[in-house]
Amino acid sequence: MFQFISGSLWRRTSFIVKGLRGKQAKNRCSSGLCDADTIFALSSGHGRCGVAVVRVSGPASGLVLSSLAGQTHSRTAPRTARLCNIINPRSQELLDRGLVLWFPGPRSFTGEDSVEFHIHGGLAVISGVLQALGSLPGVRPAEAGEFTRRAFHAGKLDLTEVEGLGDLIHAETEAQRRQALRQMAGDLGRLYLDWSQRLIRCLAHVEAYIDFSEDELIEDGVLNQVDSAVSKLQTEVERHLRDGRRGERLRSGVQVVIAGNTNAGKSSLLNVLCQRPAAIVSPVAGTTRDVVETHVDISGFPVLLSDTAGLRDTLDSVEREGVRRARERVEQADLTLAVLDAVHLPRTPGGVPDFLLAHLGALLPGGEGREEAWRRSLLVLNKSDLLTAEHAAEVQSALDGAQGLPPSCLLSCQTGQGLDGFMEALEKQVKTLCGDPLSGAPSLTQARHRAHLQQCVEALAQYHHYRDLDLALAAEGVRLALTSLGRITGKVGAEEILDVIFRDFCIGK
């Protein structure tokens, strides 16, 4: 793990790189040789560390290898680490002694000739090597994501694999890592490629029918085969879209909102879940007035946990705004933890379910989304330590036999009693919302994938609409569907989205 160090030496190193980038950016495109530039960057992260990796890629990589390591690329074994003196090519001063690896294209990450320097991670060493690289002709600092962009242009990765690589770099939980690795391995890209190839066949048959049917060179029934293939593909795409947004949710985090009346113990529950005092806990009603957010890892799944203001009528304008925000978060939540003070439960066991149903009806959204909101909620009866053993047993018995209630837990944030059962119920809900990233078909992970797939479905519907009216317009529907799939993988119309995708990469990737 690399630790970020704030110091004058690192600021000077950053200044050197920025200065080199600004100086060379003015000239690198004026001659039309942008793609011929050789780029370099620190790939292992900023800060003091044991080993730092500096990556170089481009046509002048052989020059870099000989200038800094004194090695001739024609005599250097590819993909083999070699211990070398690393020198400043101008002053011949020894900068460090480290491992050097030569990756001749096209068998490299970028498809170009590449060099890696594995050097000591001191800031002065890194600064000296970066300065030496920047002094070589035709060699410049890389832009963010430029190595991966070159890999894409070389055909090493399609856009779904690029996005999987970016997700892997940013993965914080085990489930995110598994999903990103699967996408980076090409599972999603292969699915879309298969669909594209099937559409190409359909389009070819329709175009052939338009051009040659009058000459009786086309077999009877070819359009019926296309109809069947298009309908089957449309069904598959629609089923792919009906994934409950599991992949997108796993990528960005499950939105879990803690909501309930004042003094129910919502902030205490937040602190228990994140295992630190993230929210102020006070016996004064209305302590929490704004949304308090924290990221937590629940059994390998990412969760964005939000504590909200207690729901009640109030004349205080600030607290009233907090209540409005709380209700807004509940409407947007993937999962709502509805917290209730167990002390307020009726003493008659038969009255507990009705009391809870009324409480949830006031808390959760109504209307058309009511059923979905209830399905995505977990009822938490807090402060069980304040109940007598007899009352607690009666409440638990009422919960076990209740009908129409979401999963319910009786616990005490103060003593931890019932916490294991609550965590088990919470983990089950989160896993259901995210799914298993390693089983079944690969999941959608990006909003842009969903948008292009929806356009694909609409285009296939256009084929069916015009099939018997105008076959040329029907063929255009298939072509539009093919274009929509191509935009996901980068095979069609990629340029307008490349900047959005690659700008989120670190400089050395």
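**Figure 1. Surroundings of L269 in the predicted model.** Setting aside residues up to four places away in sequence, L269 touches I258, L337, V339, V380, C413 and F422. The model shown here and in the other views is a predicted one.

Figure 2. Strand β10 is largely enclosed by the rest of the structure, because 7 of its 7 residues are buried. In a regular strand the side chains alternate between the two faces of the sheet. In β10, L335, L337, V339 and D341 point one way, whereas T336, A338 and L340 point the other way, and all of these residues are buried. Strands β7 and β10 run parallel and are joined by 5 bridges, with V257 standing opposite T336 of β10. The pairing of β10 with β11 is also in the parallel sense and extends over 6 bridges; here L340 has L381 of β11 as its bridge partner.

**Figure 3. V296 in strand β8, and the cysteine C274.** V296 lies in strand β8, which covers residues 292-298, and V296 is classed as buried because its relative accessible area is 13%. Leaving aside neighbours within four places in sequence, V296 is in contact with L273, C274, F301, P302, V303 and L305. The C-alpha atoms of V296 and T173 are separated by 9.4 Å, although these two residues are 123 residues apart along the chain. C274, one of the contacts of V296, is buried as well, with a relative accessible area of 13%. A disulfide is a covalent bond between the sulfur atoms of two cysteines; a search of the whole structure finds 0 disulfides.

Figure 4. E319 is placed in helix α11, which comprises residues 317-332, and E319 counts as buried because its relative accessibility is 3%. Which side chain makes a polar contact with the side chain of E319? The partner is the side chain of R312, at 2.7 Å.

**Figure 5. Helix α3 and its covered residues.** Helix α3 consists of 12 residues, 123-134, which at 1.5 Å a residue should span 16 Å; the C-alpha atoms at its ends are 16 Å apart, in agreement with that expectation. The helix is mostly covered, with 10 of its 12 residues buried. The buried residues are L123, V125, I126, S127, G128, V129, L130, A132, L133 and G134.

**Figure 6. T38 in strand β1.** T38 lies in strand β1, residues 38-42, and is buried because its relative accessible area is 0%. Neighbours within four places in sequence being left aside, T38 is in contact with V56, S57, G58, P59, A60 and S61, and also with G138, V139 and R140.

Figure 7. The peptide bond from G105 to P106 is cis, with omega near 5°, and P106 lies in the loop between β4 (94-103) and β5 (114-121). Q92, in the loop between β3 (82-87) and β4, has phi near 65°, a positive value in a residue other than glycine. K383 is a further residue other than glycine with a positive phi, near 65°, and its place is in the loop between β11 (377-382) and α14 (389-401). K383 is partly exposed because its relative accessible area is 22%, a value between the 20% and 50% limits of that class.

Conventions: Residues are numbered from 1 along each chain as its sequence is written. This is a predicted model: local features need pLDDT of at least 70, side-chain atom pairs count only at pLDDT 80 or more; totals for chains, interfaces and linings use all residues. Side-chain values use heavy atoms; hydrogens and water are left out. Helices (H or I, at least four residues) and strands (E, at least two) are DSSP runs, numbered from the N terminus. The expected span of a helix is 1.5 Å times one less than its number of residues. Buried means under 20% relative accessible area, exposed over 50%, partly exposed in between (1.4 Å probe, protein chains only). A polar contact is a pair of N or O atoms within 3.5 Å; within protein, one must be able to donate a hydrogen and the other to accept it, and residues adjacent in sequence count only if both atoms are side-chain atoms. Contact means heavy atoms within 4.5 Å. A disulfide is a pair of cysteine sulfur atoms within 2.5 Å. Two strands pair if DSSP finds at least two bridges between them.
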